[in-house]
Amino acid sequence: MVKTLISGIRSDFPTLHISLHECYQNVMMQQLMASKMNIGITSVSSFDLKTTLLHVERQGWYADVLHEEHRELFLSTKNSLAEKEILEAADLQKLTYACYSRSNDRISNQYKGYFNPDYCYYLNNQNNILQLVAENKAVTIYPPKILGEHILLKSGLVVSRPIQGVATHATYLLLHPSDDMLSLAEREVIKLIRTEFLKINA
């Protein structure tokens, strides 16, 4: 998804300098409110959505809903659970979870309690997490449409399955100030982001 966005921005604005920051939601919010960045995209769980929207509104910013979907369990095709069409919460209890290494990653923390309590992989990026999944050493949870173009899924080494009995709804928000606080290039970038997410939602 990020590669597609960057490619589109570079195509439309070849002279534009892009600073891309990958960070956790709380860090991004701090940077946005301090005017150190002007555009942010974040994934918010259902239990956090109302609080996040209120916080953004109080700061005088805007939060546009770009995309909504349910996260799914990603597991190796070598795992016997891959044969099931739909998983139950009980299926997760003996599985090893792989997630991001930051203790304040609210999304990862939301799901850790469903998995094997004795062991968890903490990694620093999505590719490392999915590599462990492909090797059948762990499982993880992501939104399938957002992750759909990853090479490990396209190659058939990793599949995703919906989970019943687990809160998996995710809302993707585009955060930005009012148009008068944005440059022309930033306004055009926001239009491009919306266009790319429309393709996902189609």
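Guide: The conversation below covers the sheets, the helices across them and the nonpolar cores.

Visitor: What kind of model is this, and how are residues numbered?

Guide: This is a predicted model, in which local features need pLDDT of at least 70, side-chain atom pairs count only at pLDDT 80 or more, and totals for chains, interfaces and linings use all residues. Residues are numbered from 1 along each chain as its sequence is written, and side-chain values use heavy atoms, with hydrogens and water left out.

Visitor: In what order do the strands of the sheet with S1 run?

Guide: The order is S1-S10-S2, an open sheet of three strands with antiparallel pairing. Strands (E, at least two residues) and helices (H or I, at least four) are DSSP runs numbered from the N terminus, and two strands pair if DSSP finds at least two bridges between them.

Visitor: Which strands are at the edges?

Guide: Strand S1 (40-45) and strand S2 (62-70) are the edge strands, each pairing on one side only. The twist averages 25 degrees from one strand to the next; axes are lines fitted to C-alpha atoms, for helices over the stretch in contact, and angles run from 0 to 180 degrees between N-to-C directions.

Visitor: How many bridges join S1 to S10?

Guide: Six bridges join S1 to strand S10 (residues 169-176), and the two run antiparallel. Gly40 stands opposite Leu175 in S10.

Visitor: Which strands does H8 lie across?

Guide: Helix H8 (residues 184-201) lies across S1, S2 and S10, at about 20 degrees to S2. Contact here means heavy atoms within 4.5 Å. Helix H2 (residues 25-33) lies across S1 and S10, at about 140 degrees to S1.

Visitor: Which residues of H8 are buried?

Guide: They are Val189, Ile190, Leu192, Ile193, Glu196, Phe197 and Ile200. Buried means under 20% relative accessible area, exposed over 50%, and partly exposed in between (1.4 Å probe, protein chains only). Seen down the axis of H8, the buried residues fall within an arc of 160 degrees, so they line one face of the helix; the arc is that of the directions from the helix axis to the C-beta atoms. On the other side of H8, Leu184, Leu198 and Lys199 are exposed.

Visitor: Where does Met181 lie, and what does it touch?

Guide: Met181 lies in the loop between S10 and H8. Not counting residues up to four places away in sequence, Met181 touches Asn38 and Glu186. The C-alpha atoms of Met181 and Asn38 are separated by 8.7 Å, although the two residues are 143 residues apart along the chain.

Visitor: Changing topic: is S3 buried or exposed?

Guide: Five of the five residues of strand S3 (residues 72-76) are buried, so S3 is largely enclosed by the rest of the structure. Three bridges join S3 to strand S7 (residues 140-142), and four join S3 to strand S8 (residues 158-161). Glu72 stands opposite Tyr142 in S7, while the bridge partner of Leu73 in S8 is Arg161.

Visitor: What lies across S3, S7 and S8?

Guide: Helix H5 (residues 126-134) does, running at about 125 degrees to S7.

Visitor: Which residues have the most contacts inside the largest nonpolar core?

Guide: They are Leu73, Leu75, Leu92, Leu95, Tyr97, Phe115 and Ile141, in a core of 17 residues. A nonpolar core is a set of buried Ala, Val, Leu, Ile, Met, Phe, Trp, Tyr and Cys residues joined through side-chain atoms within 4.5 Å. S3 and strand S5 (97-100) each supply at least two residues of this core. A second, separate core of 16 residues includes Tyr24, Ile129, Leu132 and Tyr142.
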